[in-house]
Amino acid sequence: MDTLNLSLLIGLLAVGTWYDIRSHRIPNMLIIAGLITGVLTNTILHGFSGAATATAGGLVGLAVLLPFYMMRTLGAGDVKLMAVVGAFLGPTNVLMVILATFLSGGIMALVVAARSGMMPRLLQNIKLMLFGAFVKISAGQTPNMNDLPESVGKLPYAVAITAGTLAYLAWQHIR
């Protein structure tokens, strides 16, 4: 990844993370600016194939996280922010970033739960989510996470998206 794309992506992620920590929202104007910038810079750098790769990456980022929004485990801003990451990195790389993000988010959740004394509740919620999802899927319904008795807390997931993206980019650089 070239320095321009990398700098722009990191800047957008930093702003998105700041907003998410501050207000648990990621502004649509930031998402729109990120999508346009990702497609535009890839088009300038790589022509039509860059535009196609950026578009495909944005769609993959959106499509993979959309079911989590539908189950109410992620906010719409988080899903759209991953589409921005995809617009910069392309479809293959965004899949790897999503895996790194899930790992980062899981570690983040465990640390927060452990520090706040909510680890037993977190483990109970995981058990209930898995059982509830299995039952709903077996009945032909879409699982959602509205049925949990008590939340362990709300995490600004843009932090996990940023951490996952940076971890993947660092791994790519040292590999």
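Thr-41 is buried, at a relative accessible area of 9%. Here buried means under 20% relative accessible area, exposed means over 50%, and partly exposed covers the range in between (1.4 Å probe, protein chains only). The model is a predicted one: local features need pLDDT of at least 70, side-chain atom pairs count only at pLDDT 80 or more, and totals for chains, interfaces and linings use all residues. Residues are numbered from 1 along each chain as its sequence is written, and side-chain values use heavy atoms, with hydrogens and water left out.

Thr-41 sits in helix α2. Helices (H or I, at least four residues) and strands (E, at least two) are DSSP runs, numbered from the N terminus. Beyond its neighbours within four places in sequence, Thr-41 is in contact with Leu-4, Asn-5, Leu-8 and Phe-88. Contact means heavy atoms within 4.5 Å.

The overall fold was examined next. The protein chain holds six helices and zero strands. Along the sequence the pattern reads α-α-α-α-α-α. The radius of gyration of the protein chain is 17 Å, close to the 16 Å that the globule rule gives for 175 residues, so the chain is as compact as a globular protein of that length. That radius is taken over C-alpha atoms, and the globule rule is 2.2 Å times the number of residues to the power 0.38. Along the principal axes, the C-alpha atoms of the protein chain fill a box of roughly 50 × 40 × 35 Å.

Of the 175 residues in the protein chain, 35% are buried. Contacts between residues at least 6 apart in sequence were also sorted by separation; 72% of them join residues at least 24 apart. The accessible surface of the protein chain comes to about 9800 Å². Carbon and sulfur atoms account for 70% of that surface. Accessible areas come from the Shrake-Rupley method with a 1.4 Å probe; for residues, only the protein chains shown count as cover.

The second largest pocket has a volume of about 370 Å³. Its lining comprises 23 residues, and the closest to the pocket centre are Met-1, Asp-2, Leu-89, Asn-93 and Leu-169. The search used a 1 Å grid over the protein atoms alone; a pocket is an open set of points where a 1.4 Å probe fits, with protein on both sides within 12 Å along at least five of seven lines, and lining residues have an atom within 4 Å of a point. Grid points are joined across faces, edges and corners, and a volume is the space filled by probe spheres set on the points.

α1 (3–23), α2 (28–70), α3 (76–89) and α6 (158–174) each supply at least two residues. By class, the lining has eleven nonpolar, eleven polar and one charged residues. Ala, Val, Leu, Ile, Met, Phe, Trp, Tyr, Cys and Pro count as nonpolar; Asp, Glu, Lys and Arg count as charged; the others, Gly among them, count as polar.

Asp-2 belongs to the segment before α1. This residue is partly exposed, with a relative accessible area of 27%. Asp-2 and Asn-42 are 40 residues apart in sequence, and their C-alpha atoms are 9.9 Å apart in space. Thr-3 lies in helix α1. Thr-3 is exposed, at 62% relative accessibility.

Ala-33 is in helix α2 and is partly exposed at 33% relative accessibility. The C-alpha atoms of Ala-33 and Val-84 are separated by 8.9 Å, and the two residues are 51 apart along the chain. Ala-51 also lies in helix α2. Ala-51 is buried, at 17% relative accessibility. Leaving aside neighbours within four places in sequence, Ala-51 is in contact with Asn-42 and Thr-43. The C-alpha atoms of Ala-51 and His-24, 27 residues apart along the chain, are 31 Å from each other.

His-24 lies in the loop between α1 and α2. Phi of His-24 is near 55°, a positive value in a residue other than glycine. His-24 is partly exposed, with a relative accessible area of 34%. Arg-72 lies in the loop between α2 and α3. Arg-72 is not a glycine, yet its phi is positive, at about 65°. Arg-72 is exposed, with a relative accessible area of 54%.
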